[in-house]
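Hello,

Here is the structure I promised to pass on. Please open it first, then read my notes below.

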Amino acid sequence: MSGPDGPSRADDHRKAPRRRGEVLEQAILRAAAEELAEVGYAGFGIDRVATRAGTNKTTIYRRWPSRAALAVAAFRDAALTDDVPDTGDLRTDALAVLRAAADRMTSRQGELLHVLATEMHSQPDLLREVRDQLFDTSVTRWLTILGRAIARGQARPEALSPRIATVAVDLLRNEYLVRGVTTIPDSTITEIIDTIYLPLVRPHIGQGGE
């Protein structure tokens, strides 16, 4: 029906398709990442994210129970998804994984990491979320390449622990977060692998390794 001013509200009003599932989640995560980049974790709030994403707080809380969980999820969403390399050579695999990590640190993911890292030690809830979720993928990736190397005799079984497996990426993260390096040269990546990581994990002389 039409009124004097044109089509009636009932005829003219067309609702936008309701976002669901992954489409809605991606909109929320993008909004959360933008909020973190603009205001940091201290000013980060579910209300602001909901407004930016065009949704409501209840919808967000159904998926992420706290602002810390949402902040970490936004960070993880910004990460590049990398396959774990399996070239048959520990050095080649380790270099590939560390180079991928360096690329992430100079991307939007790296910017968000810097925001979280500067505040998480004074925010117990955020620190807990980071420890429980954020580094799980990295640990799994490094344990995978190290486990394969052990099976090939290129690394010693005693090295298969999260603390040892992630030494290389921890040192790389230190370059970025502590030393303030914005672009990590490939020479630094190679140095970390060749002078620290490989000597640490390879079999000792007499164990039958390389």
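**What I found**

Helix α2 is followed by G40, whose phi is positive, near 75°. Helices here (H or I, at least four residues) and strands (E, at least two) are DSSP runs, numbered from the N terminus.

Some ground rules come next. This is a predicted model, so local features need pLDDT of at least 70 and side-chain atom pairs count only at pLDDT 80 or more, while totals for chains, interfaces and linings use all residues. Residues are numbered from 1 along each chain as its sequence is written, and side-chain values use heavy atoms, leaving out hydrogens and water.

**The chain as a whole**

The protein chain has 12 helices and 2 strands. Along the sequence, the pattern reads β-β-α-α-α-α-α-α-α-α-α-α-α-α. Of its 210 residues, 41% are buried. Buried means under 20% relative accessible area, exposed means over 50%, and partly exposed is in between (1.4 Å probe, protein chains only). The accessible surface of the protein chain comes to about 11800 Å². Carbon and sulfur atoms hold 50% of that surface. These areas come from the Shrake-Rupley method with a 1.4 Å probe; for residues, only the protein chains shown count as cover.

Now contacts, meaning heavy atoms within 4.5 Å. Among contacts with a separation of 6 or more, 71% join residues 24 or more positions apart.

Several residues of α2 are buried, including L24, I28, L29, A32 and E35.

What are the buried residues of helix α3 (residues 46-53)? They are I46, V49, A50 and A53. They cover an arc of only 100° around the axis, so they sit on the same side of α3. The arc is that of the directions from the helix axis to the C-beta atoms. An α-helix has 3.6 residues a turn, so residues three or four places apart point the same way. Just after α3, G54 takes a positive phi of about 70°.

T59 is in helix α4 (residues 57-63). Its relative accessibility is 9%, so T59 counts as buried. Setting aside neighbours within four places in sequence, T59 is in contact with L24 and I28.

A73 belongs to helix α5 (residues 67-78). A73 is buried too, with a relative accessible area of 15%. Beyond its neighbours within four places in sequence, A73 is in contact with L29 and W64. A73 and A32 are 41 residues apart in sequence, and 8.8 Å apart in space, C-alpha to C-alpha.

**The cores**

A nonpolar core is a set of buried Ala, Val, Leu, Ile, Met, Phe, Trp, Tyr and Cys residues joined through side-chain atoms within 4.5 Å. The largest has 28 residues. Which of them touch the most other members? They are L98, W142, L146, L172, I193 and Y197. The elements that give two or more residues to this core are α6 (90-105), α9, α10 (162-165), α11 (167-177) and α12. α6 gives the most, with 8 residues. Apart from this core lies another, of 21 residues, among them V49, I60, A68 and A74.

L172 is worth a look. Leaving aside neighbours within four places in sequence, L172 is in contact with L98, A101, A102, M105, I184, I189 and I192.

**The aromatic pair**

How many aromatic pairs does a search of the whole structure find? It finds 1. The rings of W142 and Y197 have their centres 5.3 Å apart and their planes at 65°, so the pair is edge-to-face. Rings of Phe, Tyr and Trp (its six-membered ring) pair if their centres lie within 6.5 Å; planes under 30 degrees apart count as stacked, over 60 as edge-to-face and the rest as tilted. W142 lies in helix α9 (residues 136-151) and Y197 in helix α12 (residues 186-201), so the pair ties together parts 55 residues apart in sequence. Both W142 and Y197 are buried.

**Two more residues**

D93 is in helix α6. D93 is buried, with a relative accessible area of 0%. I196 is in helix α12. I196 is partly exposed, at 35% relative accessible area.

Best wishes
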